[in-house]
Amino acid sequence: LLPLDLDGIGVMQAYVLDLNRCFNLNWLADDTNNHQYRRLQRLLAHLLLSPDLADLIKDWVDSDEQVTGLGAEDSLYQLRTPPYYAANQPMQDLSELNMLIDVDPIEVQTLSNHVCTVPDTKSKINVNTAAAETLYSLDNAISLQDAQAIAQASRNYQTVADFVQNHPEFAVVQQRLSVTSEYFL
């Protein structure tokens with residue numbers, strides 16, 4: 001928002017960030033078919049981050065005590081000093097990434113620029129505001145170049161069907177897409 005003059009005592013400026021534009025880590029909490037897990041792995045590979053992060057995040061937000069790949073559950077977190085438990089529920093804030101076992105703070109910072117935590121595990125991606133990395137992560141049929149071209153273009157789609165008609169490579173993921181946003185920071 002434009003800077004607002006505060007009657008000569010200063011200036012205030014605010015930024016609004018659309019949270020439906022990024023990959024919601026909480027999608028992994030209800031990811032029974034592992035589609036979101038594979039999407040996160042694709043995003044991590046693109047960002048040149050450890051694929052183990054997907055396992056750690058999935059175990060942090062899912063409700064079970066079963067270790068995913070190279071992930072971690074309570075048994076490992078209880079060995080920490082001080083000991084603690086895996087959340088086993090959707091993340092409330094991205095700062096929870098710092099609680100994951102043996103995670104590099106630089107990787108957390110890099111990942112935090114491309115993901116978000118929205119409480120709705122069924123939230124959708126707004127194609128009008130989505131970042132290129134988010135679009136790219138959705139499916140192997142979507143190239144990074146196509147995702148970047150879409151993200152750089154002016155977008156004002158009124159329906160997901162209009163978007164898919166212009167970008168047919170998104171047809172397989174259209175149920176994850178929206179043209180509106182419900183969550184902001």
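Tyr77 counts as buried, because its relative accessibility is 0%. Buried means under 20% relative accessible area, exposed means over 50%, and partly exposed lies in between (1.4 Å probe, protein chains only). Tyr77 belongs to one aromatic cluster with Trp60 and Tyr84.

The model here is predicted, so local features need pLDDT of at least 70 and side-chain atom pairs count only at pLDDT 80 or more, while totals for chains, interfaces and linings use all residues. Residues are numbered from 1 along each chain as its sequence is written, and side-chain values use heavy atoms, with hydrogens and water left out.

Stay with the rings. Rings of Phe, Tyr and Trp (its six-membered ring) pair if their centres lie within 6.5 Å; planes under 30 degrees apart count as stacked, over 60 as edge-to-face, and the rest as tilted. The whole structure holds six aromatic pairs. In one of them, Tyr77 and Tyr84 have ring centres 5.2 Å apart and planes at 40 degrees, so this pair is tilted.

Which residues does Ile101 contact, leaving aside its neighbours within four places in sequence? They are Leu56, Ala72, Leu76, Tyr77 and Arg80. Contact means heavy atoms within 4.5 Å. Ile101 is found in the loop between α3 and α4. Ile101 counts as buried because its relative accessibility is 11%. Val172 is 71 residues from Ile101 in sequence and 34 Å from it in space, C-alpha to C-alpha.

Now take the whole chain. It has seven helices and six strands. Helices (H or I, at least four residues) and strands (E, at least two) are DSSP runs, numbered from the N terminus. From that end, the order is β-β-β-α-α-α-α-β-β-α-α-α-β. The C-alpha atoms fill a box of roughly 55 × 50 × 25 Å, taken along the principal axes. Of the 185 residues, 46% count as buried. Among contacts between residues at least 6 apart in sequence, 60% join residues at least 24 apart.

Next comes the interior. A nonpolar core is a set of buried Ala, Val, Leu, Ile, Met, Phe, Trp, Tyr and Cys residues joined through side-chain atoms within 4.5 Å. The largest one has 47 residues, and those with the most contacts inside it are Leu25, Leu40, Ile57, Leu97, Leu100, Leu111 and Phe170. Helices that each supply at least two of its residues include α1 (35-46), α2 (52-61) and α4 (105-112). The largest share, six residues, comes from α2. Beyond four places in sequence, Leu111 is in contact with Leu43, Leu44, Leu47, Leu49, Leu53, Ile57 and Leu97.

What joins Cys22 to Cys116? A disulfide does, with an S to S distance of 2.4 Å. A disulfide is a pair of cysteine sulfur atoms within 2.5 Å. Cys22 lies in the loop between β2 (11-12) and β3 (23-24) and Cys116 in strand β4 (residues 115-116), so the link ties together parts that are 94 residues apart in sequence. The link is right-handed, with 125 degrees about the S-S bond. Cys22 is buried, at a relative accessible area of 7%. Cys116 is buried too, at 3% relative accessibility.

Finally, look at charges over rings. A charge sits over a ring if NZ of Lys or CZ of Arg is within 6 Å of the ring centre and within 35 degrees of the ring normal. The charged end of Arg42 sits over the ring of Tyr136, 3.8 Å from its centre. Arg176 lies over the face of Trp27, at 4.7 Å from the ring centre.
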